[in-house]
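The sequence and the structure come first.

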Amino acid sequence: MSPDQQFFKLNIPLVDEWFRVTKLPSDAIVLALHILRKMAAWNKTEDTISVSQLMTASGMGERRVQRALKALEKSGCPLRKIGHGRVGSTYSFEIGRAHV
């Protein structure tokens, strides 16, 4: 492997809790992973991401992204929407709730 490749880890019990126990739809899982990947790439615990960015990254349409985001917010996972502005919504990864 090349040393310039980037990786991020997910805690297995965290993945089990979010995706199996909360029964998240697959679209919500895709968006959660994209949001987490975007934050991890820049060493952030919060970031502002637009629906259009999520549409581009996931290949989903606008309505599908909106439904998946709503399911993600209702799921109780440690990824939280903490604000909304002109350029997108700000999401926070609550490390204390994540059990990582």
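Two strands are taken to pair if DSSP finds at least two bridges between them. On that basis β2 and strand β3 (residues 88-93) pair, since 6 bridges join them, and they run antiparallel. The model is predicted.

**Sheet**

- The 3 strands form an open sheet in the order β1-β3-β2, and their pairing is antiparallel.
- β1 (46-49) and β2 (79-85) are the edge strands, each of which pairs on one side only.
- On average, neighbouring strands of this sheet are turned by 25° against each other, direction ignored.
- Strands of a sheet pair through backbone hydrogen bonds, in either a parallel or an antiparallel manner.

**Strand pairs**

- Thr48 has Thr90 in β3 as its bridge partner.

- The covered face of β1 holds Asp47 and Ile49, while Glu46 and Thr48 lie on the uncovered face.
- Helix α2 packs on the sheet and touches β1, β2 and β3.
- The direction of α2 makes about 120° with that of β1.

**Helix α2 against helix α3**

- Helix α2 (residues 26-41) and helix α3 (residues 51-58) have axes that come within 10 Å and cross at roughly 110°.
- Because of this angle, α2 counts as roughly perpendicular to α3, the range for that term being 65 to 115 degrees.
- From α2, the residues Val30, Leu31, His34, Ile35 and Lys38 meet Gln53, Leu54, Ala57 and Ser58 of α3.
- The residues of this contact comprise 5 nonpolar, 3 polar and 1 charged.

**Helix α3 against helix α4**

- α3 packs with helix α4 (residues 62-74) at an angle of about 105°, the axes being 9 Å apart.
- This angle makes α3 roughly perpendicular to α4.
- Val51, Leu54, Met55 and Ser58 in α3 meet Glu62, Val65 and Leu69 in α4.
- This contact divides into 5 nonpolar residues, 1 polar and 1 charged.
- Leu54 and Ser58 of α3 take part in the contact with α2 and also in the contact with α4.

Methods: Residues are numbered from 1 along each chain as its sequence is written. This is a predicted model: local features need pLDDT of at least 70, side-chain atom pairs count only at pLDDT 80 or more; totals for chains, interfaces and linings use all residues. Side-chain values use heavy atoms; hydrogens and water are left out. Axes are lines fitted to C-alpha atoms, for helices over the stretch in contact, and angles run from 0 to 180 degrees between N-to-C directions. Helices (H or I, at least four residues) and strands (E, at least two) are DSSP runs, numbered from the N terminus. Angles under 35 degrees count as roughly parallel, over 145 as roughly antiparallel, 65 to 115 as roughly perpendicular and the rest as oblique. Contact means heavy atoms within 4.5 Å. Ala, Val, Leu, Ile, Met, Phe, Trp, Tyr, Cys and Pro count as nonpolar, Asp, Glu, Lys and Arg as charged, and the others, Gly among them, as polar. Buried means under 20% relative accessible area, exposed over 50%, partly exposed in between (1.4 Å probe, protein chains only).
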